[in-house]
2 protein chains.
Amino acid sequence: MLCQLLFLCYLTITLPHPTTSARKPDRLRLPSSRQDDTVFCESWRFSVETNNAGNWTVVPSRCKNFVRTYMTGPQYQSDTYFAAEPALSFVRGLNGSDDGLDAWIFGVDDTLISSLPYYQLHGFGEVFNEVSFYEWASMADAPPIAASWTLYKELQARGFTIFILSGRHEHFRDITETNLISAGYTHYKRLILRSESDNGKLATDYKSIKRKEIVDEGYRIRGISGDQWSDLLGNSIAQRSFKLPNIMYYIP
Amino acid sequence: MLCQLLFLCYLTITLPHPTTSARKPDRLRLPSSRQDDTVFCESWRFSVETNNAGNWTVVPSRCKNFVRTYMTGPQYQSDTYFAAEPALSFVRGLNGSDDGLDAWIFGVDDTLISSLPYYQLHGFGEVFNEVSFYEWASMADAPPIAASWTLYKELQARGFTIFILSGRHEHFRDITETNLISAGYTHYKRLILRSESDNGKLATDYKSIKRKEIVDEGYRIRGISGDQWSDLLGNSIAQRSFKLPNIMYYIP
């Protein structure tokens, strides 16, 4: 909320008045009408999906309905395919090797399985409530994301070794494994979860360390599919990264 | 074009039939109607702006009108502000230092100045024609991008050292400098262009090498603003990167 106010102030106060330049830059049309809410929220989505936004905690209040419409309509589902399809093209173009050391890393929530049913129950734009999320997650009933499921199966058919690297805690290993299997994800090499010693680490750091362990075992990380930039950035990164859409929450 | 056909085939043929899983993933609604063209092109934009798409050469033919509408309407301009505004917030939150070694790197085309007038003349979705582009660029009349102009001026007011790093060739130094000045960009530290020895290098590599030279001079690269992922990725990267929108062309 504060961010939006500051943004509006910024637009109002600091729009350029380049007295020294040969011409004045165009002014940004201020978001005011209903239509401009959509422009604002589309731009907010752009800033989140490109990681321009950096650390953010809640969906801007004026974008809650936008997020609901996006997530429950055809666009979100289509966007997940535009994270999987270039990955499939990339994989099909690789020179295969039979040593079993070509690896792919997937995240869990909103990469392999969807937490959309949770947010449909609890609303979009609330501060993340860990207790109620894991209460829901303990039902182990999160559905698969079809595009990721397709990619997962093709990678397995091509002999890739699949690692699943999640920010979920070891406490939730059983429900996570149950959910992955019920969603159709089997025969992965390892499900890596946060142990006590990983507590307090930023996701980017925790995941970089775990990826380094994979590399040190001799694997080549060909690709990562993740809905958070903290899945994709840091050290021991992949040859190619694929960002799944997620404008529901941000994990630093 | 081929990619789109393959994508449709892929959707039609390889959509998941998870006989071993507890449930079937949802199917993607195939793009067929006018409305679905928008869904398709919005997803294509998502894949380009997240770098999922990787190397692409032309706008898909069914998205040419989409790109024109996007670029000439309020959304593009608003999106440029959502690349500049988080950069301003980041800069304002930094502990300033007076040693003049805090650096910021900007690209030229479609970061500081806009080539939209060129594409409005030559159409969206044609293969890039270097001859006609530089014919147009030699007029040195590309307008500033207002959001970047605002960021540029605030960085200067805060004592940042500004480097401008472009894939343009040294041949075009004069017209580039003339255009930057006429667009209101003055007092930058250095305009870095491709010399003969940089010919044939991928933009990511060329820009990494040039950034390393900046770091080796003692500068701290706090931020990069660029419209291409090849401005932002590689080595000697910035503390924070800010992706300006660009769905007109891709530079590897």
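This is a predicted model: local features need pLDDT of at least 70, side-chain atom pairs count only at pLDDT 80 or more; totals for chains, interfaces and linings use all residues.

Colleague: Why is the contact between A:D79 and A:R45 called a salt bridge?

Modeller: The cut-off is a side-chain nitrogen of Lys or Arg within 4 Å of a carboxyl oxygen of Asp or Glu. For A:D79 and A:R45 the distance is 3.2 Å, so the pair counts as a salt bridge. A:D79 sits in helix 4 (residues 74–92) of chain A and A:R45 in helix 2 (residues 34–49) of chain A, so the pair ties together parts that are 34 residues apart in sequence. Both A:D79 and A:R45 are buried, too.

Colleague: What makes B:E217 and B:R190 a salt bridge?

Modeller: Their side chains meet at 2.7 Å, N to O. The limit is 4 Å, so this pair qualifies. B:E217 lies in the loop between helix 9 (203–216) and strand 4 (220–226) of chain B, and B:R190 in strand 3 (residues 190–194) of chain B, so the bridge ties together parts 27 residues apart in sequence.

Colleague: How do you know whether B:E217 is buried, exposed or partly exposed?

Modeller: Buried means under 20% relative accessible area and exposed means over 50%. B:E217 has 39%, so it counts as partly exposed. B:R190, with 27%, is partly exposed as well.

Colleague: Which residues do salt bridges with shared partners join into one network?

Modeller: They are A:E42, A:R45, A:D79, B:E42, B:R45 and B:D79. Over all chains, a search of the whole structure finds 38 salt bridges.

Colleague: On to the sheet in chain A. Why are strand 3 and strand 5 of chain A said to stand at the edges?

Modeller: The open sheet has 5 strands in the order 3-2-1-4-5, with parallel pairing. Strand 3 (190–194) and strand 5 (240–243) of chain A each have a single partner strand, so one side of each is left without a neighbour in the sheet. From one strand to the next, the twist averages 20°.

Colleague: How do you know that strand 2 and strand 3 of chain A pair?

Modeller: Pairing takes at least two bridges. Strand 2 (residues 161–169) and strand 3 of chain A are joined by 4, so they count as paired. In that stretch, A:H169 stands opposite A:R194 in strand 3 of chain A.

Notes. Residues are numbered from 1 along each chain as its sequence is written. Chains are lettered from A and ligands numbered from 1 in the order in which they are written. Side-chain values use heavy atoms; hydrogens and water are left out. Helices (H or I, at least four residues) and strands (E, at least two) are DSSP runs, numbered from the N terminus. Axes are lines fitted to C-alpha atoms, for helices over the stretch in contact, and angles run from 0 to 180 degrees between N-to-C directions. Buried means under 20% relative accessible area, exposed over 50%, partly exposed in between (1.4 Å probe, protein chains only).
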